[in-house]
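Subject: Structure handover

Hello,

Here is the structure I said I would pass on. My notes on it follow below.

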Amino acid sequence: MTDRIFVSNLHIHGHHGVMDAEKSLGQKFMVDIDCAVARPADAADQMSDTVHYGELCDLATQVSAATVFNLIETLAHKLAEAILEQFPLVQIVSITVRKPSAPIKYAVDHVGVSVTRRRDG
């Protein structure tokens with residue numbers, strides 16, 4: 001049985017980017033986390049049989065705060081890896097990171113990246 005557990009539009013502050021100002025001042029990022037979860041066939045009405053949304057948010061915040069990344073692609077990849085490592089029920093994870101204050105000359109709501117990673121095996 002596969003379920004979908006997701007978090008939409010988590011707002012985190014990070015110091016990611018290529019420009020020095022992005023690294024020193026930081027900025028807001030929005031993160032979506034979408035997990036395909038293999039719940040046991042005899043799953044009970046217990047947290048141990050699923051993935052806790054709050055823990056996904058905690059992990060995203062921790063990964064963002066732990067390192068300064070030049071690229072949001074790297075942030076997304078590292079978060080996907082961490083989720084697969086920490087949550088054994090997650091079989092596939094897709095991460096989208098949006099950057100609303102990208103230092104580009106065009107008027108956009110945001111720019112962003114999406115990555116999808118699968119558990120090996």
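Two strands are said to pair if DSSP finds at least two bridges between them. Please keep in mind throughout that this is a predicted model.

Strands

By that rule, strand S1 (residues 2–14) pairs with S2 in the antiparallel sense, over 11 bridges. S3 in turn pairs with S4 over eight bridges, in the antiparallel sense. In that pairing, Ile-95 has Val-115 of S4 as its bridge partner.

Asn-9, which lies in strand S1, has a positive phi of about 65 degrees although it is not a glycine. Asn-9 counts as partly exposed because its relative accessibility is 36%.

Nonpolar core

The largest nonpolar core has 31 residues, and Ile-33, Ile-83 and Ile-95 have the most contacts inside it. At least two residues of this core come from each of S1, S2, H2, helix H3 (72–86), S3 and strand S4 (111–118). The element that gives the most is H3, with eight residues.

What does Ile-83 touch, leaving aside residues up to four places away in sequence? The list is Ile-33, Cys-35, Leu-56, Leu-59, Val-90, Val-93 and Ile-95. Two of these, Ile-33 and Ile-95, are named above among the residues with the most contacts inside the core.

Salt bridges

Side chains of opposite charge can pair when their charged atoms come close. A search of the whole structure finds five salt bridges. Three of them are described here.

Asp-3 forms a salt bridge with Arg-39, and the closest N and O atoms are 3.2 Å apart. Asp-3 lies in strand S1 and Arg-39 in the loop between S2 and H2, so this pair ties together parts that are 36 residues apart in sequence. Asp-3 is partly exposed, with a relative accessible area of 23%. Arg-39 also counts as partly exposed, at 21% relative accessibility.

Glu-22 forms a salt bridge with Lys-99, with 2.7 Å between the closest N and O atoms. Because Glu-22 lies in helix H1 and Lys-99 in strand S3, the pair ties together parts that are 77 residues apart in sequence. Glu-22 and Lys-99 are both buried.

Arg-98 forms a salt bridge with Asp-32, the closest N and O atoms being 2.7 Å apart. Arg-98 is in strand S3 and Asp-32 in strand S2, so parts that are 66 residues apart in sequence are tied together by this pair. Why does Arg-98 count as buried? The reason is its relative accessibility of 11%, since buried means under 20%.

A buried aspartate

Asp-49 lies in the loop between strand S2 (27–38) and helix H2 (53–66). Asp-49 is buried yet has no salt bridge. How far away is the nearest side chain of opposite charge? That side chain belongs to Arg-39 and is 5.3 Å away, whereas a salt bridge needs a side-chain nitrogen of Lys or Arg within 4 Å of a carboxyl oxygen. Arg-39 is the residue that forms a salt bridge with Asp-3.

The side chain of Asp-49 does reach the backbone nitrogen of Ala-44, at 2.7 Å. Not counting residues up to four places away in sequence, Asp-49 touches Arg-39, Pro-40, Ala-43, Ala-44 and Leu-89.

Met-19 is found in the loop between S1 and helix H1 (20–25). Met-19 has a relative accessible area of 44%, so the residue is partly exposed. The C-alpha atoms of Met-19 and Asn-70 are separated by 8.3 Å, while the two residues are 51 apart along the chain.

Regards

Technical notes. Residues are numbered from 1 along each chain as its sequence is written. This is a predicted model: local features need pLDDT of at least 70, side-chain atom pairs count only at pLDDT 80 or more; totals for chains, interfaces and linings use all residues. Side-chain values use heavy atoms; hydrogens and water are left out. Helices (H or I, at least four residues) and strands (E, at least two) are DSSP runs, numbered from the N terminus. Buried means under 20% relative accessible area, exposed over 50%, partly exposed in between (1.4 Å probe, protein chains only). Lys and Arg count as positive and Asp and Glu as negative; His and the chain ends are not counted. A polar contact is a pair of N or O atoms within 3.5 Å; within protein, one must be able to donate a hydrogen and the other to accept it, and residues adjacent in sequence count only if both atoms are side-chain atoms. Contact means heavy atoms within 4.5 Å. A nonpolar core is a set of buried Ala, Val, Leu, Ile, Met, Phe, Trp, Tyr and Cys residues joined through side-chain atoms within 4.5 Å.
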